[in-house]
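Reader: I would like to learn how to read a structure like this one. Could you walk me through it?

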Amino acid sequence: MNKITAAITAVGKYVPEYVLTNKELETFVDTNDEWITTRTGIKERRILKGEGLGTSYMAIKAAQDLLQKSKINPEEIDLVIVATATPDLLVASTAVYTATEIGAINAFAYDLQAACSSFLYGMSTAASYIESGRYKKVLLIGADKMSSIIDYTDRATCIIFGDGAGAALFEPNTEGFGLKDEYLRSDGIGREFLKMDAGGSILPASAETVKNKQHFVYQEGKTVFKYAVSNMADVSEKILERNHLTKDDIQWLVPHQANNRIIEATANRVGVAADRVMVNIHKYGNTTSATLPLLLADYEDQLKKGDNLIFAAFGGGFTWGAIYLTWAYNS
Ligand code: UT7
């Protein structure tokens, strides 16, 4: 019997309607369109507005988009993973609520948190369940409402992040399509440089933490940038080397969308031409766990069965890595 690999067989997406442009940011924080465009590549990002709407609102819509396009019966789904750094609630899982709302009544579900690498790590988890033969349909959703933890007076973070969700279905394949290799890393040194201080078990919420703005995400941008550039490029190069791939074997680079300069540095190291690099940072900014599946959904029409994709991500923690996957279908 042929080896079972885990293939992506469908994708879906959702971004909120509200568009926060660089021009609008200029009206409430000391920044400008020219700086943001040249330093990050971002022109606009989406923001989820509306009382009581959390990350699950977008996760559900992305999953429904996938289900509607693929005609998959949600009752056949075995497992729903929501990769997110901004769950609806701290204790009750966002994935459980999402699974129930989309009609995945036979699934179990849980959240996975690894900051901007959540979806990448989730791909590894989803693929492992499929490769082992334990489950047949694993729905992985990357979703983040970053606007819920952003200080819109802090120009170091508010210009970068946006809200959104994307979904991918993993199923068994015996023709060699799907996830081929992964190289995942982490280093606790990163905790100081990209974090939210309060609201966790170290510093629970109090009037003081709210007053001190400790429920917002903080990042030391320059430091994170340096680690991101070297590590994303290193792992991408490593995964090519150990699979004996050259740049000509790679049809698409699928990089986390944090900063256009990080994307370019990774692409340069891998040697892939610009038109082979998936980019949508100009439209959505950094949507944390949603960047990779949003890219897949945006580029789905251009992907062909047999295309080799290299995914690369870097995020808080630090967490980072690369995945080599062969695309399994023509849309
Ligand atoms: O998603 C995973 C993790 N996150 C990342 O990977 C993000 C990594 N970091 C970055 O993308 C970049 O560090 C930022 C976009 C956050 C900042 O860009 P930078 O090129 O590292 O800028 P900087 O912080 O070194 O600041 C350069 C200058 C400073 O002015 P002076 O000291 O040179 O006069 C800043 O005060 O730019 C100034 N500046 C701004 N100016 C206008 C910083 N932020 C802004 C801003 N608008 N929003």
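Reader: How far is an oxygen atom of the ligand from an N or O atom in the side chain of R155?

Author: A polar contact is a pair of N or O atoms within 3.5 Å; within protein, one must be able to donate a hydrogen and the other to accept it, and residues adjacent in sequence count only if both atoms are side-chain atoms. Here the distance to R155 is 2.7 Å. For R39 it is 2.7 Å, and for R261 it is 2.9 Å. By the Shrake-Rupley method with a 1.4 Å probe, the ligand alone exposes 950 Å², of which the protein buries 73%.

Reader: What should I keep in mind about the model?

Author: This is a predicted model, where local features need pLDDT of at least 70 and side-chain atom pairs pLDDT 80 or more, while totals for chains, interfaces and linings use all residues. Residues are numbered from 1 along each chain as its sequence is written, and side-chain values use heavy atoms, leaving out hydrogens and water.

Reader: What is the strand order in the open sheet?

Author: Strands are DSSP runs of E, at least two residues, numbered from the N terminus, and two of them pair if DSSP finds at least two bridges between them. In this model the four strands follow the order β8-β13-β12-β11, with mixed pairing. β8 (178-186) and β11 (252-255) are at the edges with a single partner strand each, so one side of each has no neighbour in the sheet.

Reader: How many bridges join β12 to β13?

Author: Eight, and the two strands run antiparallel. A313 stands opposite G321 in β13.
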